[in-house]
Amino acid sequence: MNLGIAIVSFNTRDLLRECLASLRDVTLPLRVVVVDHASRDGSAAMVRSEFPHVELLARSDNPGFAGGTNSALRRLGFCAEAVDGPACDLALLLNPDTVVYPGAIETLNEFLCKHPRVGMVGPRLLNPDGTIQPAAFRFPTLSMTALDLFPPGEALPGRLYNSWWHGRYPQEHGDQPFPIDHPLGACILVRRAVIEQIGLLDEGYFMYAEEVDWCLRAQRAGWAIWQIPQAHVTHVGGAATSQFRARMQVALYASRLRFFERHYGRSRTMAHRLIIRAGMLRSAFLALYDYIGKRIGRDELRDRWLASTLIMKL
C-alpha cells in the first residue's frame with residue numbers, strides 16, 4: 001500500500017522538523033507533501049535543505065487548512081487531475097506539531113487491511129508529557145455546544161466534563177480499538193476509496209470542523225471510523241492557531257455554525273446560534289470581571305470583547 005502524507009504548515013518550523021524526522025521510521029512506501037502557507041519563520045527553507053525527499057508546495061497565501069490539505073491530496077493523486085509520481089492508496093492527514101511513534105502508521109494500516117468497511121482510523125494522541133489527549137469525539141450536538149460555552153464545573157455540573165454528553169468516549173482510556181464518530185484532525189488515515197466516494201475536504205471551512213464534516217460524509221456513505229489505541233502519536237496542539245487566538249476563536253464558531261447549517265437543518269441551527277450568543281454574552285461579562293479584578297489587561301479585554309462581538313454576529 002502506497003501512503004501519501006499531507007502536512008499543512010504555518011510558522012511551525014521547529015515542530016515541523018521533528019514531525020518530518022519521526023516519519024523516517026515508517027516502513028510503508030510513502031510520499032510526503034508539505035504545504036507551507038507563507039510562513040515567515042523559514043519553514044520552507046528548512047524543508048528544502050533538511051528533507052529533500054519531501055515534496056514542498058510553498059504558497060504565497062493562506063487558503064486555510066482544508067484548502068492546503070486538498071492541495072496536498074491533489075498532488076498525491078487523490079483526484080482526477082494528473083499528478084507527478086505514483087498515486088497513493090492511503091492518505092494520512094498529519095499536523096506539523098505531531099511526532100509519530102515507530103510502528104504507529106503501520107498499526108493503523110494493518111487495521112484497515114483487516115477491516116474493509118472501516119474507511120478512516122485515528123491513533124491515540126498523547127500530550128508532550130505522555131498523558132492521553134482527547135482524540136475521539138461524537139458529532140456535534142446542542143448539548144456539546146452548551147457544555148463548551150458553559151463549562152462543567154463552572155456554569156454546569158462538573159460530572160458532565162468528559163462525559164458522553166460532552167462528546168467524549170470513555171473507551172479512550174482503554175486498550176482496545178473502538179468505533180467513533182470522528183477523530184481529531186491532527187492525525188487521520190483514510191482509504192483512497194473513501195475520498196473517491198465523498199470527495200476532498202470542504203474548503204468552505206477555513207479552519208476547524210473540516211474533518212468533522214468529512215467524517216460525517218464518510219459515515220453517511222457507509223464507512224466506519226475507529227480509534228486504534230495501540231498506535232501512538234504525540235500532538236502539541238495549537239501551534240499555528242495560537243498565533244491568532246481571537247481570530248481563530250471566531251473561525252472556530254464560524255466553522256461550527258457552517259457544520260450545523262450544512263447537516264442539521266434550520267431548527268437545530270437556530271438553537272445552536274442562540275446558545276452561542278448566550279455564551280458570548282457570558283464570555284464578555286467574564287472578561288470585564290477579569291479586567292476589573294486586574295487578572296487581564298486592557299488589550300486582552302479588547303480582544304475578548306471583539307471576538308465575542310464578531311461571533312455573536314455570525
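Where is Gly222 found? I looked this up first in the model, which is predicted. Gly222 sits in the loop that runs between helix H7 (210-220) and strand S12 (224-235).

**Entry: Gly222**

I checked the accessibility of this residue. Gly222 has a relative accessibility of 40%, so it counts as partly exposed, since that class lies between the 20% limit for buried and the 50% limit for exposed. I then took a distance from Gly222 to Tyr205. The two are 17 residues apart in sequence, and their C-alpha atoms are 23 Å apart in space.

**Entry: the chain**

I counted the secondary structure of the protein chain and got 10 helices and 12 strands. The radius of gyration is 20 Å, close to the 20 Å that the globule rule gives for 314 residues, so the chain is as compact as a globular protein of that length. I also noted the span of the C-alpha trace along its principal axes, about 55 × 40 × 40 Å. Of the 314 residues, 50% are buried. For contacts with a separation of 6 or more, I find that 75% are between residues 24 or more positions apart.

**Entry: nonpolar cores**

Which residues touch the most other members of the largest nonpolar core? I find Leu73, Met120 and Trp214, in a core of 41 residues. Two or more residues come from each of strand S1 (3-9), strand S2 (30-37), helix H3 (65-75), strand S4 (90-94), strand S11 (187-191), helix H6 (192-198), H7 and H8. H7 gives the most to this core, with five residues.

I went on to the neighbours of Trp214. Leaving out residues up to four places away in sequence, Trp214 touches Leu73, Leu93, Met120, Val190, Ile195, Ile198, Gly199, Leu200 and Leu201. As background, nonpolar side chains tend to be buried together in soluble globular proteins.

**Entry: second largest pocket**

I looked up the volume of the second largest pocket, which holds about 230 Å³ of space. Its lining consists of Arg245, Ala246, Gln249, Ser283, Glu300, Asp303, Arg304, Ala307 and Ser308.

Which helices each supply at least two residues of this lining? They are helix H8 (245-263) and helix H10 (298-312). H10 provides the largest share, five residues. I sorted the lining by class and got two nonpolar, three polar and four charged residues.

Technical notes. Residues numbered from 1 in each chain as written. Predicted model: local features only at pLDDT ≥ 70, side-chain atom pairs only at ≥ 80, totals over all residues. Heavy atoms only, no water. Helix = DSSP H or I, 4+ residues; strand = E, 2+ residues; numbered from the N terminus. Buried < 20%, exposed > 50% of the residue type's maximum accessible area, 1.4 Å probe, protein only. 1 Å grid on protein atoms, 1.4 Å probe; cavity = no way out; pocket = protein on both sides within 12 Å on 5 of 7 lines; lining within 4 Å. Points joined across faces, edges and corners; volume = space filled by probe spheres on them. Nonpolar A, V, L, I, M, F, W, Y, C, P; charged D, E, K, R; others polar. Core = buried A, V, L, I, M, F, W, Y, C linked by side-chain atoms within 4.5 Å. Contact = heavy atoms within 4.5 Å. Rg over C-alpha atoms; globule rule 2.2 N^0.38 Å.
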